[in-house]
Amino acid sequence: MPHSLSRRWPLRQLSVATAFTLLVACAEHPSAAVAALPQAPLPATANAPAAVAPGNPPSSTDPGVDFQPTVSFADWQAGFRSQALAAGITAAVFDTAFAGVTPDMSVIKADRSQPEFTRPVWEYLDGALSAARVRKGQQLLAQYADVLQHIEQRYGVDRQSLVAVWGMESNFGSLQGDKSVIRSLATLAYEGRRPGFAQDQLIAALQIIQHGDIAPADMLGSWAGAMGQTQFIPTTYNSHAVDYDGDGRRDIWNSAPDALASTAHYLQSSGWQQNQPWGFETILAPNFDYSLADPAIRKPLSEWVQMGLHIRAYPSGALPPALAQQSASLLLPAGYRGPAFLVLDNFRAILKYNNSSSYALAIGLLSQRFQNGGQIVGQWPRDDQPLSRSERMELQNLLSARNYDAGNPDGIIGANTRKAIRSAQQSFGWPADGYPTHELLDKLRGG
């Protein structure tokens with residue numbers, strides 16, 4: 001996005017992003033919209049009908065959806081209409097956009113879905129860095145060379161990274177989502193689990209229509225309201241979308257130049273550093289203190305090298321002066337047994353687009369694959385499968401029971417849980433990488 005919310009939405013607005021960082025191995029979908037929303041434990045859901053008749057709110061009798069609204073959709077819409085008009089939306093725009101809109105139960109189901117199993121990071125990267133995606137990206141880099149050169153000059157974001165985002169977000173525009181953004185956001189606002197976020201996005205979507213950028217029927221996107229070829233949520237669209245082709249509309253759906261320039265604008269605003277790499281694969285010294293692999297710990301690259309880390313791109317250890325003082329943090333996406341990376345400001349800028357380390361790693365590596373680079377030398381621990389969601393929740397409960405405060409047992413491996421894992425690992429004399437494993441879970445189960 002500024003992404004989209006499908007299984008984990010694509011992005012699109014980090015101003016509402018949660019403070020936690022999702023565990024890299026848990027990233028399933030190249031989008032940030034869903035990651036921007038706090039997830040609470042939810043009941044299991046089954047197949048649900050696609051729509052509900054106006055005035056007949058869905059209830060717990062609808063299969064698979066535990067949803068008991070206190071008002072009808074018509075009453076909710078009337079109240080929201082007053083709110084939208086107070087925000088400057090005209091009555092004509094509102095009534096046109098909402099003509100025939102009904103709640104979409106598939107959106108409620110998707111919003112409440114919490115997959116039990118996730119792919120390990122290496123499988124995620126296998127798909128993200130497929131040969132077909134690399135070839136298509138190389139073709140488009142050539143096709144849009146002039147446009148990309150101008151965007152690069154204007155925003156300081158390299159063309160390879162922009163095309164990598166394009167490929168990850170919508171398969172270069174071919175998979176943008178086919179749901180009505182107005183209907184999806186109205187459903188989320190009516191559902192009421194996160195009304196503030198959904199209503200803000202819905203007002204922003206109406207502003208986009210009122211501005212004349214897109215007609216309501218053509219405003220399509222993900223179930224979470226992420227839109228276009230690089231999956232912006234409406235508020236991010238309003239703050240960063242660009243009419244690059246000069247046709248008077250910021251058309252991120254049909255204009256690749258608009259979508260690419262808008263993405264560059266967003267990344268620039270997120271702290272992108274021109275001509276700086278996203279990061280480097282590195283080799284750790286024997287007996288390295290793995291507790292330093294924390295995104296909150298940042299040191300100059302030269303200091304990491306002095307600590308015994310070997311950057312593969314600079315085997316002699318001699319860094320260019322302009323690079324030596326760049327702030328980097330250490331990323332172990334599969335724990336101490338897997339590859340290690342030192343990541344810089346541009347990696348953090350990608351995280352603002354989509355708050356998933358797996359996603360940011362995929363963008364960085366894919367951008368290099370377009371130039372026949374981006375090969376990982378370190379070996380992934382392919383015999384190690386990620387914990388399921390219920391296992392992660394059990395791990396959190398067991399850690400807290402041992403006075404390692406893992407926070408709310410929600411199945412999300414955030415900063416508190418990683419800290420608790422490190423404490424437990426240190427007590428067992430293990431490498432304290434903060435990475436959840438079946439070995440640790442079994443150890444805690446055994447008391």
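Modeller: Asn171 lies in the loop between α7 (159-170) and β1 (179-180); helices (H or I, at least four residues) and strands (E, at least two) are DSSP runs, numbered from the N terminus. This is a predicted model, in which local features need pLDDT of at least 70, side-chain atom pairs count only at pLDDT 80 or more, and totals for chains, interfaces and linings use all residues. Residues are numbered from 1 along each chain as its sequence is written, and side-chain values use heavy atoms, with hydrogens and water left out.

Colleague: What is the phi of Asn171, a residue other than glycine?

Modeller: Asn171 belongs to the loop between α7 and β1. Its relative accessible area is 33%, so Asn171 is partly exposed; buried means under 20% relative accessible area, exposed over 50%, and partly exposed in between (1.4 Å probe, protein chains only). Its phi is positive, near 50 degrees.

Colleague: Is Asn372 buried or exposed?

Modeller: Asn372 sits in the loop between α15 (357-369) and α16 (389-401). Although not a glycine, Asn372 has a positive phi of about 65 degrees. Because its relative accessibility is 68%, Asn372 counts as exposed.

Colleague: Which strands stand at the edges of the open sheet of five strands?

Modeller: The order in this sheet is β4-β6-β7-β3-β5, with antiparallel pairing; two strands pair if DSSP finds at least two bridges between them. Two strands each have a single partner strand, so one side of each is left without a neighbour in the sheet. These edge strands are β4 (299-300) and β5 (310-311).

Colleague: Which residue in β5 is the bridge partner of Thr282?

Modeller: Strand β3 (residues 279-283) pairs with β5 in the antiparallel sense over two bridges. The partner of Thr282 in β5 is Ile311.
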